[in-house]
Amino acid sequence: MRDNRKTGIPRLWELASRKKALVICSCVLAAASVVASFSPFLAVYFIIKELVAHFADLSSLDAPYLTRLGWAACGGAASAIALNFSALMCSHIAAFTTLYELKLDFARHIASLSLGFHTANPTGKLRKVVDENIEKLEGFIAHQLPDLAGSLTMPLVTLVILFAFDWRLGLASLVPVALGYLIQAAAFGNSAARAFMKHYQDSLEDMNNAAVEYVRGISVIKAFNQTVFSFRKFHGIIKNYGKFCMGYTMAFEPYMAAFMLIINHVYLFLILAVIALSGGVTDYGGFALASVFYLIFSLSLPTPFTKLLYVSRLGGQIADGIARMDRVLDAAPLKETASPKTTREYSLSFEGVGFSYDGENEASALRGVTFTARQGEVTALAGPSGSGKSTIAHLIPRFYDVGEGAVKIGGVDVRDMSADYLMSIVSFVFQDVFLFKQSILDNIKIGDPNASREQIIAAARAAQCHEFAERLPDGYDTVVGTKNIHLSGGERQRVVIARAILKNAPVIVLDEATAFADPENEQKIQAAFEELMKDKTVIIIAHRLSTVRGADKILVVESGRIVEEGRHDNLINAGGRYSHMWEQYTGTVNWTITGKGAKPCSA
Ligand code: ADP
């Protein structure tokens, strides 16, 4: 976690300072490049001066002197280019090494975060942080910092020249620049403009979200024949965004146009100043020389001043991206104990466990949860949706840490075990099946990276995968997710079960995953489960009561508490909450849908 919490440009500078020497070097070189870029102007000034002085008799011109000035102009321009090139070299090396280090830090940090963090922050979101937000820093370090150094040097050099030649004309060149910036500040610096800008960013985000939702949900939209309706909604959001942008543009365009107009036409102000000042002039030659010099010089002013404007704008956008990265970096990693313990016995116990997702006790997800799940037995968690079954299961492998009480395996608090050890003794079979784009063999091997091919195939057989794996074009070496290789939901689940069988962890947490399997698959998955669960401490999150009937112990969860506990028959006889749920459940499954509507099953 970061110690200090800088935001905005100071935070960007803090990150850039990881390669301070290179960044400073690049800024100094960029500033030197700007100074060198003035030399052609100075050379032109002295050439004009020489021409004006010998205007009456051009043969008296000091030709070697003029040649030297010509070379000085070329040399100055060439060194400005070389210095700028070197500045960009330094800044790019600094930028890419900083990005590299930052991405590594980020990857290390997210690996140290609890699994709970990862369920709340899907992969897509984290990928966006790495691919887009951190990437933006490259622009800041590689381009904007040297641009900023150059652009700040420019007014300083202008000030020096202002005093060196004719301060009145120098001032006439700077006044329009200052005016342009005042207009910018008046238009964009007030709270209304900032609110406008925020609204703009929000509407952009809304539109992007709507686009993603539309594309991701296209199959559902098509299945329900909602294409036109949904498209109209999406279209409406785009139209609103367009309307807002138009309003925004119309409101701010005059200010931007005024800024660009002024900054690109500094010479017009100069001409007015020259006309105004010409009345009192005695040395016409000197005045004409200074006027011509300033007119030429003024042409170089727009670029750095426009860059300066964009540096501050873009800096804000990049800082926003970095703030998103910082939100991830600020998430506290899972606490690791200094003296990790292990266990030889694997019964599981919850002792007065309280937990809430927001870290506060109000609206807590679990309260006073106490139970024991014995080794070699199946303990099922049953209860209505939202009662806290998944939360109980998630606390076992430390997706989250308990707020109060303790979760123990073999009498050892899971917080007193090392994360690696805990992961090695607990298998968690999720409801969402995730297969890597690798061969079936490699996907199963994740359960035990040291397993031999024979061991993997044995696990696959136990999980009822062998039959379909053999049928694939390259058997177990077929890569999942490639063209034309499609596994059904049930087959994917069995691959994941094979992974867990191979891992052979003594504690197994199963999120009952058979809900959408077809009857044949369901039977195979049950067989696979049975193989997996032999002699283990098994916790099942049951979403359907049929699964829990054979469990050694059923824990009935309601509103974050365990309200009943026992075997199926005992609980039915007790006539409490569970028996009521069972009645409802059997009532539901005995209904069937026919062509003429729903009617009770005869069987
Ligand atoms: P079940 O598995 O029984 O359906 P859960 O354990 O998922 O129930 O949820 C228990 C309670 O915790 C619910 O009120 C749910 O809204 C809340 N909850 C679940 N997951 C989260 C989460 N990641 N963040 C905040 N609240 C959550």
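Predicted model: local features only at pLDDT ≥ 70, side-chain atom pairs only at ≥ 80, totals over all residues.
The ligand is surrounded by a run of residues comprising Pro384, Ser385, Gly386, Ser387, Gly388, Lys389, Ser390 and Thr391, together with Tyr357, Ala365 and Tyr400. By class, this shell holds four nonpolar residues, six polar residues and one charged residue.

At Ser390, an N or O atom of the side chain is 2.5 Å from a ligand oxygen. Lys389 likewise contributes a polar side-chain atom, at 2.9 Å from an oxygen atom of the ligand. Ser387 takes part through its backbone, where a polar atom is 3.2 Å from a ligand oxygen. On its own the ligand has 560 Å² of accessible area, and the protein covers 57% of that area.

The description now turns to the second largest pocket, whose volume is about 1,500 Å³. Its lining consists of 41 residues, and those nearest the pocket centre are Leu115, His118, Phe399, Phe430 and Phe434. Two or more lining residues come from each of helix H4 (63-112), helix H5 (115-120), helix H6 (123-134), helix H15 (389-395), helix H16 (419-425), strand E6 (426-429) and helix H20 (489-503).

Which domains supply at least three residues each to the lining of this pocket? Both domain 1 (102-329) and domain 2 (348-600) do so. In composition, the lining of the second largest pocket divides into 22 nonpolar, eleven polar and eight charged residues.

Technical notes
Residues numbered from 1 in each chain as written. Heavy atoms only, no water. Near = heavy atom within 4 Å. Polar contact = N/O pair within 3.5 Å; in protein donor to acceptor, adjacent residues only side chain to side chain. Areas by Shrake-Rupley, 256 points an atom, 1.4 Å probe, with all protein chains shown as cover. Nonpolar A, V, L, I, M, F, W, Y, C, P; charged D, E, K, R; others polar. 1 Å grid on protein atoms, 1.4 Å probe; cavity = no way out; pocket = protein on both sides within 12 Å on 5 of 7 lines; lining within 4 Å. Points joined across faces, edges and corners; volume = space filled by probe spheres on them. Helix = DSSP H or I, 4+ residues; strand = E, 2+ residues; numbered from the N terminus. Domains from an automatic or database assignment.
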